[in-house]
Amino acid sequence: MVSGYDRYYQIVKCFRDEDLRADRQPEFTQIDCEMCFVEQEDILQMFEGLIKRIFKDVKGIDYSETVQRMTWENAMWMYGNDKPDTRFDMQLCNLKFPSHTFPHQPDISSLISEAGFKVFDEAETVIAIAVPGCSEYTRKQTDELTESVKRPQIGMKGLVYIKCNADGTFKSSVDKFYPEEKLKAIATAARANPGDLILILAGAEERTRKATSELRLHLGQLLGLRKADEFRLLWVLDFPLFEYAEDDNRWVARHHPFTSPKPSDIDTMIQNNPVIENATEYLKHPYAGIKANAYDMVLNGNEIGGGSIRIFQKELQQKMFAALGMDEAEQHHKFGFLLGAFEYGAPPHGGIAFGFDRLCSILGGSESIR
């Protein structure tokens, strides 16, 4: 866009040096699109149209409803990850969490506090999910779920269960600490119905949220809620612009350093020094609240595309580089070509890139792109 093109649309081979998994490999194909003089809404509307056209032509599906939109914070709050599978409900109930992590969300920690149960009292985060129709799970079944979250790749020490029996009574693995009226209050908060099974994980914030998300997906698969012939699209918006690299005690770009901040957050980025005096307090720093003008399209719990509105002003780009710890000499050494081009004027621009292989695998019913 800086070189003079007003728009482009390309299908291109890419190489990515990242860990392999079923839906990722070093070489992949990308549908890459970018346009001048657009805002976020223009991108969302245009590429909703593209994906709906693909559904119509490839699958014979008339995806007529408006694509759901969700902020990154709400996705993490309700589902525990930034690419939630919305084909089924089973949303997280955040019984306890660090107040600076989700400052706009209600605190209901009084439901579990002062009961003498150290696992909850000493945990940074406590999260519950209500599993529909599973109150009659046997001890063997609950033990299997416990072992699943104790696997090294999940890393939890165990889980607590509450059975919401069909007759309105409650039975839990923590009856010693929580009387029935407390269990009923937790069940209400977790939106559990008679016949449901509540599962609760507790521990460090990031690990516990990720583990609960994995448990939710596992249960969704186990209960047949992740139907292969059902497709649910979602836009995830308002990602954090920065993320904190604890090992280096500095801020790094969550996506890339050319992503524009939300206009309302630009002054915050310019006025506040990114240095962190205490590494454990980084979430309280103003940089933690700065939102990117970025968006991802999610299909059935898979990110199929992502993009952003780009920075196009030299001064703002320099501020972004400075926030990432680059002095003026390093900025010009690494990106002098871009800063020089901005001096001649560049149009506002933005775009999106779709993972062609991943989109094909999902539409074709495959779990792997290989």
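1. A charge is said to sit over a ring if NZ of Lys or CZ of Arg is within 6 Å of the ring centre and within 35 degrees of the ring normal. The charged end of Arg-216 meets this description over the ring of Phe-88, at 3.9 Å from the ring centre.

2. The model is predicted: local features need pLDDT of at least 70, side-chain atom pairs count only at pLDDT 80 or more, and totals for chains, interfaces and linings use all residues. Residues are numbered from 1 along each chain as its sequence is written, and side-chain values use heavy atoms, with hydrogens and water left out.

3. Rings of Phe, Tyr and Trp (its six-membered ring) pair if their centres lie within 6.5 Å; planes under 30 degrees apart count as stacked, over 60 as edge-to-face and the rest as tilted. The count by this rule is 15 aromatic pairs. Trp-235 and Tyr-295 form an edge-to-face pair, because their ring centres are 6.3 Å apart and their planes stand at 85°.

4. Trp-235 belongs to strand β9 (residues 233-237) and Tyr-295 to strand β12 (residues 294-299), so this pair ties together parts 60 residues apart in sequence. Strands (E, at least two residues) and helices (H or I, at least four) are DSSP runs, numbered from the N terminus. Trp-235 is buried, at 0% relative accessibility, and Tyr-295 is buried with a relative accessible area of 0%. Buried means under 20% relative accessible area, exposed over 50%, partly exposed in between (1.4 Å probe, protein chains only).

5. Phe-321 and Phe-335 are a stacked pair, 4.7 Å centre to centre with 15° between the planes. Phe-321 lies in helix α8 (residues 314-323) and Phe-335 in helix α9 (residues 328-342), 14 residues apart. Both Phe-321 and Phe-335 are buried.

6. A cluster linked by ring pairs consists of Phe-117, Phe-120, Phe-177 and Tyr-178.
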